[in-house]
Amino acid sequence: MPQQIIQPIASSFRDPSGFVFEKDGTLYRQVNDIFKQDFDHFISSGCYDHFVEKQWLIPHEEITHNLTGRAGWYKTLKPQRVPFITYPYEWCFDMLKDAALLTLELAREGTRFGVILKDATPFNVQWSQGKPVFIDTLSFEKYHATKPWIAYRQFCESFLSPLLLMHYSHQPLQSLLVSYAEGIPLSVTKSLLPWRSKFSFYTYLHIHMHERLASKSRSKERYPENSPLSGRQGFSEKKLHRLLDSLQSLVHSLEFKGSSTAWDQYYDEANQRKDYLLQKRKIMIEWLSELPETVTAIDLGANEGTFSFLLSARNMATIATDSDHSSINKLYRKIKQEKEKNILPLLMDLANPTPAIGLNNDERNSFIERTNCDLGLALALVHHLAIGKNIPLEKIAGFFEKLANHFIIEFIPKQDEKVQLMLSQKKDIYSDYTNDNFEVAFQKYFLIKKKQVIGNSGRTLYLMRKYA
Amino acid sequence: MTPHLLYIDPGSGSYLIQVIIAGALGIAFFFKNIGRLFKNAWWYVKSFFTGSQKNNS
């Protein structure tokens, strides 16, 4: 019987240099023979060591044998695994900006070793220990100074375009990247940017002029590679550095100045009910001490992450999600400032979580497919889903069941002033929204282990465990 | 759309365009340097008359 050939993972098919595969629960990357010279140069030049030392690139171990049984094998690498895979449409503005700066840094620094970055897609950047890290070891090839940067257009479309659009519109436009996963076409970006963006010299060059020249000169791209008219002879390292420096300077200057949202003052306001927050914290700490095996956690509706930090302090790798861009951006800045390593902030609308996209709809996995945590937190969240988004309690329970094995959930009754405030704007069609119905709905999926009213707030905390 | 455009890989990196953009950046860099030169010259003339020292800290 022939040996079963291991297939690459669903997202690893574009680059013939190699592919990523999984065997016995471990992730590996195969380097193909076709990429031998470039890969050897990347390692022997010291570029790999330099990038790993700077913590810009994920480190790997070399495995000496062919684990896939495929022809064209050169080497097998065992990269350090990133705890949780995320996608650019789940990152806040500052995360995308930092990923862009890392990409440019890799491209520029690589030339010192005679290496150039051939891919500039944000999908090659992931988050580890609070910082962006490049994961595609096969994205570095030998640098030829006469050739321009092959990833230039890709960088402009997949990093610069969304950053500029968010900078100028003051709107979080991450969802655009779901539709344009390979980057927002320059023609689209150009048409959406305000006229005044032309007064920014670098924006004018990299977007407006770039698009205009691209639409005019497409026919010239048909010249053979070595023809002087192809433009491949007229470049130099100095020119490349100027190009990269101008991109870096432009990205550095971009900021997200979104208008304030209802959630901006959430904890300032909640702090006025200090006793309530203290009581809630106390109960949480007590319950967390009873869950010593918990390694991974997800804080749903984390706002600025007050309780995510509580989990992180207990050494739990915590994903902090919120649909409010401003909150997640603030949380990310706080993580950077405090050098927090355990929290991964993510932009996520729980009523419409990230779908699976790409080829066969399995190139980029859905949020649910990727999430399987030991513990979930849903504090002051259920009423937003049940009353704010009209989602029946049983559907919320069914959704939570897919995310974590244990849950700490706060139920806020209808009489609560916050729920009353929500209901003042809409007709009360929520007769099912009661404490009893909440328990019935969640008991279909979870065993209620503990239940405690928080002080005299009327709000109840539940500790639940998913049925085995 | 003309048929040949369908065969151009959009990820091919805008080669010719980069040459033009890098050229434009080079010109900008040249004028920036000239501007800096004039600024420095002006500072020396000014300091000659006022006797002030350049702060290099």
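Reply: Let us begin with one pair, keeping in mind that this is a predicted model: Glu22(A) stands opposite Leu27(A), a residue of β2(A).

Me: In which sense do β1(A) and β2 of chain A pair, and over how many bridges?

Reply: Strands count as paired if there are at least two bridges between them. Here β1(A) and strand β2, residues 26–32 of chain A, are joined by six bridges and run in the antiparallel sense.

Me: What is the order of the strands in the open sheet of chain A?

Reply: The sheet has four strands, and reading across it gives β1-β2-β4-β3 (chain A), with antiparallel pairing. At its edges lie β1 (18–23) and β3 (60–63) of chain A, each of which pairs on one side only. From one strand to the next, the twist averages 30 degrees.

Me: How many helices and strands are there in chain A?

Reply: Chain A has 17 helices and 15 strands, and its C-alpha trace spans about 80 × 65 × 40 Å along the principal axes.

Me: Why does the radius of gyration of chain A agree with that of a compact globule?

Reply: The comparison rests on chain length: because a compact globule of 468 residues would have a radius of gyration near 23 Å, the 25 Å of chain A agrees with that expectation.

Me: What share of the residues in chain A is buried?

Reply: A residue is counted as buried if 20 or more other C-beta atoms lie within 10 Å of its own, and such residues make up 42% of the 468 in chain A. Turning to contacts with a separation of 6 or more, 68% of those in chain A are between residues 24 or more positions apart.

Notes:
Residues are numbered from 1 along each chain as its sequence is written. Chains are lettered from A and ligands numbered from 1 in the order in which they are written. This is a predicted model: local features need pLDDT of at least 70, side-chain atom pairs count only at pLDDT 80 or more; totals for chains, interfaces and linings use all residues. Helices (H or I, at least four residues) and strands (E, at least two) are DSSP runs, numbered from the N terminus. The radius of gyration is taken over C-alpha atoms; the globule rule is 2.2 Å times the number of residues to the power 0.38. A residue is buried if 20 or more other C-beta atoms lie within 10 Å of its own, exposed if 12 or fewer, and partly exposed in between; C-beta atoms are placed from the backbone. Two residues are in contact if their C-beta atoms, placed from the backbone, lie within 7 Å. Axes are lines fitted to C-alpha atoms, for helices over the stretch in contact, and angles run from 0 to 180 degrees between N-to-C directions.
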